[in-house]
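This briefing is intended for a reader who wishes to examine selected local features of a protein model. Please consult the sequence and the three-dimensional view alongside the text.

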Amino acid sequence: MNILIMGPAGAGKGTISERILKEYEIPHISTGDMLRENVRNNTPLGQEAKGYMEAGKLVPDDVINAMVEDRLQQPDCQKGYLLDGFPRTLVQAEAFTEIAEKIGKPVECVIALDVDFEVLVDRITGRRICSKCGAIYHIPNHVPQVEGVCDECGGEVVQRKDDTVEQLKVRMEEYENNTKPVIDYFEKLGVVKTFDAARPSDEVFGDVKSTLAQFE
Ligand code: AMP
């Protein structure tokens, strides 16, 4: 199954992705997570990406495209992929279409999560993330059992540097300017399914699951 999941920061891409993975044997490829791992490990790619990420700006297309092309050719993508946070620009969308065709895995479904800005502010400012395994928490809706410690792996639960209202505004602007046209691009290919993601994640996932059943 070849899936993309799209939506602004805080729309629930991570949460819905986790649930999709429990159902299907495909890897979750989040460009944001890959970049953060590179920053943590201080790789040359991480050093290049860090400044853009902390400012809420997009990392240059050629860097991201090369990173994704390499990732999609790993053996665990045999049965498909769930791409999260990519493509984010038209240049990336066009490059992705070419790569996906080249490796014989054209996208089958684009899950577009739709949410108002006010809902996103609450989600983003309350969001906490495990610095080790990436598990997602929310203050006060979903707190770890021991404050600051991940329930899943015992890692440190922290707030992302870019999870502030100011950075959210920048990221929303990026989304409107760069990513909305990407959704339009995939609309033209007839593969987009849009979901009202202001609802509880159980409801959103229920609808996503019914949609994905068509592609099994
Ligand atoms: P995310 O976790 O998806 O919100 O991504 C965090 C940050 O990583 C973004 O604000 C960008 O700086 C960078 N990033 C992630 N994916 C991409 C992408 N496809 N293109 C450019 N920058 C990206």
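The points below concern a helix pair, the ligand surroundings and some backbone features.

The model is a predicted one. Its helices α1 (residues 13-23) and α8 (residues 201-213) have axes that come within 10 Å. The ligand is surrounded by 15 residues.

**Helix pair α1 and α8**

- The two axes cross at roughly 45°, and α1 and α8 are therefore oblique to each other.
- The crossing of α1 past α8 is right-handed.
- On the α1 side, the contact is made by T15, I16, R19, I20 and E23; α8 contributes S201, D202, V204, F205, V208, K209 and L212.
- Sorted by class, this contact of α1 with α8 comprises 6 nonpolar, 2 polar and 4 charged residues.

**Ligand surroundings**

- The closest residues to the ligand are T31, R36, K57, G85 and Q92.
- In the side chain of T31, an N or O atom is 2.8 Å from a nitrogen atom of the ligand.
- An oxygen atom of the ligand lies 2.5 Å from a backbone N or O atom of K57.
- A polar backbone atom of V59 is 3.0 Å from a nitrogen atom of the ligand.

**Backbone features**

- Most peptide bonds are trans, and most residues other than glycine have a negative phi.
- F86 and P87 are joined by a cis peptide bond with omega of about -5°; P87 belongs to the loop between β3 (81-84) and α5 (90-102).
- The bond from I139 to P140 is cis, with omega near 5°, and P140 sits in the loop between β6 (136-138) and β7 (157-158).
- N42, in the loop between α2 (31-40) and α3 (44-54), has a positive phi near 55°.

Technical notes. Residues are numbered from 1 along each chain as its sequence is written. This is a predicted model: local features need pLDDT of at least 70, side-chain atom pairs count only at pLDDT 80 or more; totals for chains, interfaces and linings use all residues. Side-chain values use heavy atoms; hydrogens and water are left out. Axes are lines fitted to C-alpha atoms, for helices over the stretch in contact, and angles run from 0 to 180 degrees between N-to-C directions. Helices (H or I, at least four residues) and strands (E, at least two) are DSSP runs, numbered from the N terminus. Angles under 35 degrees count as roughly parallel, over 145 as roughly antiparallel, 65 to 115 as roughly perpendicular and the rest as oblique. A crossing is left-handed if the near helix is turned anticlockwise from the far one by less than a right angle, and right-handed if clockwise. Contact means heavy atoms within 4.5 Å. Ala, Val, Leu, Ile, Met, Phe, Trp, Tyr, Cys and Pro count as nonpolar, Asp, Glu, Lys and Arg as charged, and the others, Gly among them, as polar. A residue is near a molecule or strand if one of its heavy atoms lies within 4 Å of it. A polar contact is a pair of N or O atoms within 3.5 Å; within protein, one must be able to donate a hydrogen and the other to accept it, and residues adjacent in sequence count only if both atoms are side-chain atoms.
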